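Please keep the structure open as you read.

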Amino acid sequence: MARVGEEEIEEMPHDFDVIVVGSGAGGGPVAWCLAQAGKKVAIIEAGGFYTTNDFNRFELLQLRRLWEKIRWTSNFELGLQKEIALGMGRCVGGSTTIFTAVAHRAPDHNFLEWYKATKISNESGEPFSPKDLEPYYEQVERDTSVRRYTEWDEGLKKIDAGFKKIGHPFAPVNAFIDMRCDQSGCLFGCPTEAKRGTLVSYIIPAILQGAEIFYNSTVTRILFSKEGENDKKRPRAFGVEFVNGETMETKRLTSKVVIVAAGALKTPILLMKSGIKELAGETKSIDQIGRNFGANTATLVFGRFQEPLNNWILHPLSGQMEDFSQKERGGFLLEASEVMEGPLGFSEVLVDDDGVPMWGRRHKEILKKYKYYAGIFINIHDSNDGRVFLDPETGREKYYKPITKEDESRFEAARSLCREGLIAAGAQETLNTIYLSHHVQGSCRMGEDRSRSVVDSQCKSHDIEGLYVCDGSVIPSIVDANPSLTIMALSRRLGDHLLKNVLLD
Ligand SMILES: Cc1cc2nc3c(=O)[nH]c(=O)nc-3n(C[C@H](O)[C@H](O)[C@H](O)COP(=O)(O)OP(=O)(O)OC[C@H]3O[C@@H](n4cnc5c(N)ncnc54)[C@H](O)[C@@H]3O)c2cc1C
């Protein structure tokens, strides 16, 4: 008989069929899929529940409501110099409530890299290929109104003109944005509902289909039992424990299946804090939790133009230049036009000529000219060589992600191209910024090779029954595109799998 302490799990009816922890790109589609099939679904989200009418341009207010406090890497503790600011959402809809809505599929070559990384396979045991994800990409693109976004702002038109002169024009992005977009911003929530992240496309529809949402509720522990006889006992997830941030009440809910979709920074931490190692033993796949962390590390180059562009009131990323996106061709992707949507964000990211965060008189002069700037976002194809872990002495969450010599040279090549393009576009001065990442991935990878992955090719834990992971953390190696469409497609796929193979009654 299964027991957790004194509890006899078999005698407790489950509260839900499925509990989904996190409501972002990984949590939303699967929750909706199961709810609309009549399954009893609970969505538990650490952040608050804000909707269209709550979204406005008060930067400090929205940062506090919608964003997780920025996490910094701890690279210096390992003798490295450069840190990365890691940004993610903490609200219903997760990072897709604050994302810039670029919706691109992973290019074909990434699938081959994924197979090499973890032996991720399809249902027939063949290497996982673009064909295996295609139907799910198509479904998500339909659900979220993905379209080619051609309404370019003045900043992008200018930048594109400069880049055309140097032979590298930008192309319109595909975006999760319908025709209601009035270009009033992305990073602080979309005030028109045109941006169709998981909040609009999946979470609210899931609730309308009967899913129950617990917001402001942080899951602190996944509950496990052991089933089977004596030495054949196998651990099983049977629910979660969470704390309501307003009442500080602790609550437990049980379910047949637990899906952790807390994002690539938080999912490994939650698994570790739940005592998964102690429970399952030191297996190869348990040891992989938190490893192979990738950041798609980014930086920006801003150009100051002669006339005001007021780029901060516009949709930030509408154009993409992919000429160098493959590793062999440079390994960086450019997106424009960008100026941090709020003056605080803009002021925080600037660095001086030595790469030191800017301050003093020059900083002030630049901020006075905020509306004259437009910029370019550089994302590099870096390696999955980072790690998310708990400090053994303090128990604090730590993130380690080196910026290697190879990464540096990618950034240098990208920065120099950006400078050339911006000057050709008429910019009078260019500015660099800190390193940052909004595309964290890969800390609980999926695949068949247990020594290199945490979950199998269907997102099921190699070690624990009833436990699934589905978010950015499962991506086997860095995607050469913005990752959320891929995460949503994997989540839709997991929904199908659970309905066909697991939640049969
Ligand atoms: C500013 C910004 C811009 C971006 N722009 C783009 C873009 O243009 N295109 C693109 O494809 N991608 C973009 N991204 C990345 C994209 O949003 C993420 O890759 C994607 O949302 C990740 O999905 P996820 O499910 O892994 O995590 P998230 O979407 O971050 O969801 C995780 C959720 O889990 C919750 N959570 C965490 N821990 C717990 C816990 N213990 N209990 C309960 N809940 C918990 C969090 O609060 C969060 O809501 C952007 C990201 C940011 C931050």
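Strand β19, spanning residues 386–390, pairs with β20 in the antiparallel sense over four bridges. Within this pairing, Leu390 stands opposite Glu397 of β20. Bear in mind that the model is predicted.

Both strands belong to an open sheet of three strands, ordered β14-β19-β20 and paired antiparallel. At the edges stand β14 (291–293) and β20 (397–400); each has a single partner strand, so one side of each is left without a neighbour in the sheet. On average, neighbouring strands here are turned by 35° against each other, direction ignored. Helix α7 (residues 263–273) packs on this sheet and touches β14, β19 and β20. The direction of α7 makes about 40° with that of β19.

Now to the ligand. Which residues are closest to it? They are Glu45, Ser95, Thr100, Gly472 and Ser484, out of 38 residues that surround the ligand.

| Residue | Protein atom | Distance to a ligand oxygen atom |
|---|---|---|
| Cys91 | backbone N or O | 3.2 Å |
| Pro483 | polar backbone atom | 3.5 Å |
| Ser484 | polar side-chain atom | 2.6 Å |

The protein covers 96% of the 990 Å² of accessible area that the ligand has on its own. Two or more shell residues come from each of β11 (217–227), α7 and α13 (484–502). By type, the shell residues divide into 17 nonpolar, 17 polar and four charged.

Notes: Residues are numbered from 1 along each chain as its sequence is written. This is a predicted model: local features need pLDDT of at least 70, side-chain atom pairs count only at pLDDT 80 or more; totals for chains, interfaces and linings use all residues. Side-chain values use heavy atoms; hydrogens and water are left out. Two strands pair if DSSP finds at least two bridges between them. Axes are lines fitted to C-alpha atoms, for helices over the stretch in contact, and angles run from 0 to 180 degrees between N-to-C directions. Contact means heavy atoms within 4.5 Å. A residue is near a molecule or strand if one of its heavy atoms lies within 4 Å of it. A polar contact is a pair of N or O atoms within 3.5 Å; within protein, one must be able to donate a hydrogen and the other to accept it, and residues adjacent in sequence count only if both atoms are side-chain atoms. Accessible areas come from the Shrake-Rupley method with a 1.4 Å probe; for residues, only the protein chains shown count as cover. Ala, Val, Leu, Ile, Met, Phe, Trp, Tyr, Cys and Pro count as nonpolar, Asp, Glu, Lys and Arg as charged, and the others, Gly among them, as polar.
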